[in-house]
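Here is a short report on one protein chain. Start by looking over the sequence and the model.

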Amino acid sequence: MPRSLGVTEAIREVIPEWSISGFELLALLGDILLLILTVGALFLADVTGVLRPAENEERCCSNRTMFVIATIFGGLALVVLVKAAFSAPRPPETLHAVPSSEYGFPSGHTMAATVTWGALALWVPLATRRTRVVLASAFVLLVGLSRLALGVHYLVDVVAAVSFGVFFLVVMGWVTDRRAGPAFAVAIAIAALAVLASGGSSRSLLALVGTVSAPFGWWVLERAGRPRQRS
């Protein structure tokens, strides 16, 4: 099915070259490194008590936070799986403003942003839910726009990425009942499928390592029984 609707070409024709650096910065909102650092900050905030729900004082890290982490890791693994499954090419290199990997459907940056910022907006109690959803939506929109402006995706790739990401969040919350253990089981299964679908690519292996090591580290931390300081 043809994915080019002429949108990427039109955007590339009108944006000035000096704006490319700005769009590269916006794309960082969907960059895997920034998202992993965000997950790490979430974990530390919970362990230190900033996000601790009142009913979970006995745990070093709450089920809610670990569920969010499992969901994000599962979503990042799903990006690798879906890209490998479709193996759809990017727009022509003549449109590219930055180097890019081989496959373009769906937009990995946009899907990763949808899953990560969407999970944080839905399940992390900072500010009001409306504020969180508005910010998450803005981040996803900016990432999607940046990928079009950089010429590495078609509009179809971006819309599909958001759709996949939202669908994954809904299904993950429903299937696991927002429990960390089942969520990690789903995430590990997705990562294992990604390894198979991609032929053992480095990204899929990293996704598998992350989804396995995170619950193991949580288990070790809880087994250590480190007491938490109460305010």
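What share of the 231 residues of the chain counts as buried? The share is 48%. Keep in mind that this is a predicted model.

## Overall fold

The chain holds nine helices and zero strands. Read from the N terminus, its elements run α-α-α-α-α-α-α-α-α. The C-alpha trace spans about 60 × 40 × 25 Å along its principal axes. The radius of gyration is 18 Å. A compact globule of 231 residues would come near 17 Å, so the chain agrees with that expectation.

## Surface and charge

The accessible surface of the chain is about 11,800 Å². Carbon and sulfur atoms supply 69% of that area. The chain carries 18 positive and 14 negative side chains. The centres of these two sets lie 9 Å apart.

## Aromatic pairs

How many aromatic pairs does the structure hold? There are five. One of them joins Phe67 and Trp123 in an edge-to-face arrangement. Their ring centres are 4.9 Å apart, with 70 degrees between the planes. Phe67 sits in helix α4 (residues 63-86) and Trp123 in helix α5 (residues 108-123), so the pair ties together parts 56 residues apart in sequence. Both partners are buried.

Phe105 and Phe164 make another pair. Their planes stand at 80 degrees and their centres lie 6.4 Å apart, so this pair is edge-to-face. Why does that angle count as edge-to-face? Because planes over 60 degrees apart fall in that class. This pair links distant parts of the chain, 59 residues apart. Phe105 belongs to the loop between α4 and α5, while Phe164 lies in helix α7 (residues 155-176).

Phe86, Phe105 and Phe164 form one aromatic cluster.

## Accessibility of selected residues

| Residue | Relative accessibility | Class |
|---|---|---|
| Phe67 | 1% | buried |
| Phe105 | 11% | buried |
| Leu78 | 15% | buried |
| Phe164 | 28% | partly exposed |

Is Phe164 buried or partly exposed? Phe164 is partly exposed, because its relative accessibility is 28% and buried means under 20%. Phe105, its ring partner, is buried at 11%.

Phe67 has its place in helix α4. Which residues does Phe67 contact beyond its neighbours within four places in sequence? They are Trp123, Met172, Gly173, Thr176, Arg178, Arg179, Ala180 and Ala183. Thr131 is 64 residues from Phe67 in sequence. The C-alpha atoms of Phe67 and Thr131 are 21 Å apart in space.

Leu78 also has its place in helix α4. Leaving out residues up to four places away in sequence, Leu78 touches Met111, Phe168 and Ile190. How far apart in space are Leu78 and Ser204, C-alpha to C-alpha? The distance is 9.4 Å, although 126 residues separate Leu78 and Ser204 in sequence.

Notes:
Residues are numbered from 1 along each chain as its sequence is written. Side-chain values use heavy atoms; hydrogens and water are left out. Helices (H or I, at least four residues) and strands (E, at least two) are DSSP runs, numbered from the N terminus. The radius of gyration is taken over C-alpha atoms; the globule rule is 2.2 Å times the number of residues to the power 0.38. Buried means under 20% relative accessible area, exposed over 50%, partly exposed in between (1.4 Å probe, protein chains only). Accessible areas come from the Shrake-Rupley method with a 1.4 Å probe; for residues, only the protein chains shown count as cover. Lys and Arg count as positive and Asp and Glu as negative; His and the chain ends are not counted. The place of a charge is taken as NZ of Lys, CZ of Arg, CG of Asp or CD of Glu. Rings of Phe, Tyr and Trp (its six-membered ring) pair if their centres lie within 6.5 Å; planes under 30 degrees apart count as stacked, over 60 as edge-to-face and the rest as tilted. Contact means heavy atoms within 4.5 Å.
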